[in-house]
Structure formats: structure tokens, C-alpha cells
Amino acid sequence: MKPFRYERADDERSAVAVLAGTPGARLLGGGTNLVDLMRLGVETPDVLVDVTRLPANRVDVMPDGGLLIGAGVRNSDLAADHHVRTRYPALAEALLSGASGQLRNLATTAGNLLQRTRCAYFQDVASPCNKREPGTGCPAIEGDHRNLAVLGHSSTCVATHPSDMAVALVMFDAVVRVIGPAGVRAIPLVDFHRLPGTSPQRDTVLRRDELIVAVQLPPSDLARHSTYRKVRERASFSFAVVSVAAALDVRDGRVEDVRIALGGLAHKPWRARAAEDDLRGAPADAATFDRAAWVELAQARPLRDNAYKVSLAQATLVRTLTELAE
Amino acid sequence: MAERVTVSLTINGEQHTLEIDTRTSLLDLLREHLGLTGAKKGCDQGQCGACTVLLDGRRANACLALAVAHDGADVLTIEGLADNGSLTPLQAAFVEHDAFQCGYCTPGQLCSATAMLAEADAGWPSYASADVAGNPELDAAEIRERMSGNICRCGAYPNIVAAIEEVTR
């Protein structure tokens, strides 16, 4: 691992000042992804700014009934939070489906959003990778891409975003609050992660000198009736092949309202707005769910070896909606 | 050039102050600097759980924790788990149920299970819980899910689950 200087941030502004003044500075949360990437040589920061002692470690109920989740709240604490478990169950389920008990105790909310892809070529510094070293190429397109993207990918990158938590948060219309030298701004989470396009080295729209301070969850009655279903290659402690976060309100046999986001399929959590639009007002039955899933997945462009993910996503979405409708 | 820092940690009830390279993981601090070799280095990337210790009372992978970031922390390792030389009920159950073969993962399994039982006592749900808003009962499926961060290359899982189940009764 490359040597680095360690600094502990006492407040948000001083953390931002270090970021703004030090091109090689990176923020340290739980370290569960960053330390691993530093050991692999993928990340080579000159300075680590530890933000875990900032006061952003609480889940607060907002005056409007929504939740404000501090950037430093650990994944395990967020999953165990009473408000999250009762009012946003899909978020608790998504968090609990990710990583292991030990990792969730370290991993933070902001760090979870900013974790890097687990694409094997990205993690191997001996291999070309446009995300790690722009312009070097993407071996995954012709190589091992069985578990990589089928939606929204480009000729430069077919990586997927690994977070479960972010899929549930995108489904719940979460907003990311960040602070930078110019002040505070709010970014809808659905716009926070990027599609790769021609600049796959940029995972998010966060600027280099900005710090995530919180994630805001708007109030929602719909959210209480939500779930997260994850399909993976083993029963536990594995990244998603496909995941579905959904919330559904059925009245008199018809879909009154619905929210859907898909994980494991794209460079970002995939909000399924085409499916949502197709479902509103339609009969809440398997045939409708099947049609809506295909409406969304018609956009899929599978690679040579991952077409199975499209039909898996279709089946998983239908199953999830069917269960929520019961 | 290597950057050096001074850290102080309480490990198994004893205060230690050391000068270390900023790159030092908590696992290497325990094993290489203090000779506490109970926590094991398996994968060194947070996937096997052999390095699990209790960090401020919560289970964590010591391999991914930078020691400098945990200055002031209270650490409990397998060496400090038994109370004055007498096994904890969980340790005794591991012996009783032959919950190991080679034993390499056992310190991590024990530290992890110790903290996992406390998490369940605190009402924390798991992905195996039917209702994340409910109060989960620790059955075998719950134990397997909650212990999935600890790999056993000998495949002693049935006996590990049986040992943990015994102390939940």
C-alpha cells in the first residue's frame, strides 16, 4: 500500500477545505471498500481525511415526517433503526441483504453510496480499465461480463453499481445533501450516480471537493408497503445478480401507486419509471406485472453472456410485485 | 515515505500506546506489534471473517480497520473472551459440539457469534427475518444468515450452528 498521511476532520468545513486544497486527498468512512482498494493499488491517496468522528451519525425524524440520515450512520445501525424498519422496510431489507454483519458495523451511509464497482477488471491493476485508467479500454466487453450491466452501459464501460442500499433509497426518492466550498446543495439520488457514457471514471456527480453530509428520505405512506428482493449466486454475503426494490399500493384491485428500482443491472441504481407509468391504474395482477416488467426491460441491451439477467430481472420483478399485491 | 503516528488502544482491558505506520491495519497491530495471534489473517479483504474482533463492543473485520482510525478504541480479541481462564458458554458449546476441524476460523467465529448474540438480544433484524419490523427468534436459518461473514474452509457449519443454537436456548 502506498504511504499516506492521516488527518481527522473535526468539522465538515475543514474536511472540505482539505479536499479542496489537496488533489490526492480521499475521505475515509468505514474503510471497508477504500482500504481494500488501497491494498489492491486501485486507490492511491496521499492523504486520508477521516470523517467518521463528525457528528453526522444520527437518524432524525424531520418536521414533515421524513427521515434525515447522517452520512456517518453505520449500515447496521440504519438497518436496526425503528423508523426505517417500520416505515421504510425495503431500506432495512436492502441494507441487511448487503455484505456481512461485521462489514455493516463499519460501513457508513455515504461510503455505501460511494463504493466502487466490483468488476474484476476494475479491481485488477494489471488489466486495462476505462474506469480506473481512462482510455485503456474495457476487457469486460469481450471478456467475463456474465454479471455486468444490461441497461445503460456504453462502449467504454459495462460495470454495475454494487450497492443494495442505494437501490432502495432511489426507489424511495431519497435526496443526497452535500457540502462543498460554495455551500450546500441537494441532489436527488436518482441523479447522483451516473451512467458511464464516455467518462466511466466518474461514478457520481459529486465534485472532488464535496462531502456528503446526509441522505434525506421524504415522507411516504406508500413506503410502509415496500420490500427488497435480491437474487445472487449464493444464499448470503454476495453481491446482487439482480435485485428489486418496490413499493405498491393496491386499491379495489387496481394499482393506485407504485415505485420500483432495479439493482445489479446498470452503472447506477435503475429507477423503473416506464414500468411504474405502465402500472398506475392497471389491474394488480400477474399479467399486468409481466407486461410492465417487459416495458421497462425492453431497453435492455445484454452482452454476449448476460442475457439471462434480463429474464431473471423480469421474473424477479413480477414475483416481487405479486407478493406486495397479496 | 512512510508516515508514522502514535495510537492508544485498550485491548482486552489493557492500555497500549504504540507508534505505527498509518497503513497498519488493526489486525496487523494485534498480530505483528502485540503478538496477539488469535485473530487470524485469512483473506485480508473482509471476506472470510477470520480476523473478527469486537471493536467498541461490535464485531468488525480487523483486516479492513486502519488502526490509526480507531485510536482510543476498546478492542476485545479471542484472547480476552474467556473470563479468568474459564470458557464462556459459547466457547464451551463449540467444544461440546465439535464446532471446528482445523480451528483456523474459530477465533473469528467465536468473536462474531458473541457479538451476533448481543445484536439479536438488542432486537436487530436480519435478511432472514420474515418481518424486519418484528422481534426475530434465533433459529438455525437466522443463525446461518447472521454468521455468513465467517467462512469455514473445513465446512464445520452444521456443528457451528448447533453450538450457537445451544446457547440461545
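This report describes the fold of chain A in a predicted model.

## Overall form

Chain A contains 13 helices and twelve strands. Its C-alpha atoms fill a box of roughly 60 × 50 × 35 Å along the principal axes. A compact globule of 326 residues would have a radius of gyration near 20 Å, and the 19 Å of chain A agrees with this.

Of the 326 residues in chain A, 55% are buried. Among contacts with a separation of 6 or more, 64% are between residues 24 or more positions apart.

## Domains

Two domains are assigned in chain A: domain 1 covers 5-52 and domain 2 covers 225-325. Their C-alpha centres are 36 Å apart.

## Parallel strands around strand 3

Strand 3 of chain A (residues 47-50) pairs with strand 1 (residues 5-8) in the parallel sense, through four bridges. In this pairing, Tyr6(A) is set opposite Leu48(A) of strand 3. Strand 2 of chain A (residues 25-28) also runs parallel to strand 3 and is joined to it by four bridges. Here Ala25(A) stands opposite Val47(A) of strand 3.

The two faces of strand 3 in chain A are both covered. Val47(A) and Val49(A) are buried on one side, and Leu48(A) and Asp50(A) are buried on the other. Helix 2 of chain A (residues 34-40) forms a right-handed β-α-β unit together with strand 2 and strand 3.

## The antiparallel sheet

An open sheet of four strands in chain A has the order 9-10-11-12, with antiparallel pairing. Strand 9 (226-231) and strand 12 (270-271) of chain A are at the edges; each has a single partner strand, so one side of each is left without a neighbour in the sheet.

Strand 10 (residues 242-251) and strand 11 (residues 254-263) of chain A are paired antiparallel over nine bridges. Within strand 11 of chain A, Leu262(A) is the bridge partner of Val244(A).

## Helices on the sheet

Helix 5 of chain A (residues 89-97) packs on this sheet and touches strand 9 and strand 10. The direction of helix 5 makes about 25 degrees with that of strand 9 of chain A.

Helix 13 of chain A (residues 308-325) packs on the sheet too, in contact with strand 9, strand 10 and strand 11. Relative to the direction of strand 10 of chain A, that of helix 13 is at about 35 degrees.

Methods:
Residues are numbered from 1 along each chain as its sequence is written. Chains are lettered from A and ligands numbered from 1 in the order in which they are written. This is a predicted model: local features need pLDDT of at least 70, side-chain atom pairs count only at pLDDT 80 or more; totals for chains, interfaces and linings use all residues. Two strands pair if DSSP finds at least two bridges between them. Two residues are in contact if their C-beta atoms, placed from the backbone, lie within 7 Å. Axes are lines fitted to C-alpha atoms, for helices over the stretch in contact, and angles run from 0 to 180 degrees between N-to-C directions. A residue is buried if 20 or more other C-beta atoms lie within 10 Å of its own, exposed if 12 or fewer, and partly exposed in between; C-beta atoms are placed from the backbone. A crossover is right-handed if, with the strands pointing away from the viewer, the path from the first strand over the helix to the second runs clockwise. Domain bounds come from an automatic or database domain assignment. The radius of gyration is taken over C-alpha atoms; the globule rule is 2.2 Å times the number of residues to the power 0.38.
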